[in-house]
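Hi,

Here is the structure I said I'd pass on. Have a look at it first, and then read on for what turned up.

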Amino acid sequence: MKDLVLIITAVILSLAAAGAIIRIAVGPSLLDRVLASDVLLAILGAALAIDMAVNRHLNNLMLLVALTVIGFIGSVTVARFVADRREQPHDS
């Protein structure tokens with residue numbers, strides 16, 4: 001039963017990662033690409049967490065925390081950048 005669940009989660013995470021990579025490549029705007037890269041980091045974090053749960057170890061915990069912090073800081077930074085750009089009037 002554990003192997004079946006592992007296979008199903010691997011397939012779901014692989015499909016989600018493929019969708020995020022396509023969105024990064026094709027995304028019409030910068031926000032689409034940033035959101036897709038954030039989703040890709042979350043998928044990678046989920047894969048690390050599943051690996052730690054299945055194999056009953058904590059070897060990747062620091063990597064998981066670092067990925068989470070990097071994803072959060074990157075998303076907040078881009079959101080602030082976009083918000084600052086939208087507030088400035090265009091004098092054309």
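Before anything else, a word on naming: helices here are DSSP runs of H or I with at least four residues, numbered from the N terminus. With that in mind, L58 sits in the loop between α2 (30-55) and α3 (61-87). Please keep in mind that this is a predicted model.

Which residues of α2 are buried? They are V34, A36, I43, G45, L48 and M52. What do they pack against? The buried residues of α2 pack against α1 (2-26) and α3.

Now for the loop. After α2 comes R56, which has a positive phi, near 50°. H57 is also placed in the loop between α2 and α3, and a polar contact of 3.4 Å links its side chain to that of D51. A polar atom of the H57 side chain also lies 3.1 Å from the backbone nitrogen of N59. If you skip residues up to four places away in sequence, H57 touches D51 and M52.

N60 is another residue of this loop. Its side chain makes a polar contact of 3.3 Å with the side chain of D51. Leaving out neighbours within four places in sequence, N60 is in contact with L48, D51 and M52. Two of those, L48 and M52, are on the list of buried α2 residues.

Back to L58: is it buried or exposed? L58 has a relative accessible area of 64%, and anything over 50% counts as exposed, so L58 is exposed. L58 is also part of a nonpolar surface patch of about 630 Å², together with L61, V65, V69, F72, I73 and V76.

One last stop, in helix α1, where you'll find L6. L6 has a relative accessible area of 33%, which makes it partly exposed. L6 and A42 are 36 residues apart in sequence, and their C-alpha atoms are 18 Å apart in space.

Happy browsing!

Terms used. Residues numbered from 1 in each chain as written. Predicted model: local features only at pLDDT ≥ 70, side-chain atom pairs only at ≥ 80, totals over all residues. Heavy atoms only, no water. Patch = residues over 30% accessible without salt bridge, like charges linked within 9 Å, V, L, I, M, F, W, Y side chains within 5 Å. Areas by Shrake-Rupley, 256 points an atom, 1.4 Å probe, with all protein chains shown as cover. Salt bridge = Lys/Arg side-chain N within 4 Å of Asp/Glu carboxyl O. Helix = DSSP H or I, 4+ residues; strand = E, 2+ residues; numbered from the N terminus. Buried < 20%, exposed > 50% of the residue type's maximum accessible area, 1.4 Å probe, protein only. Contact = heavy atoms within 4.5 Å. Polar contact = N/O pair within 3.5 Å; in protein donor to acceptor, adjacent residues only side chain to side chain.
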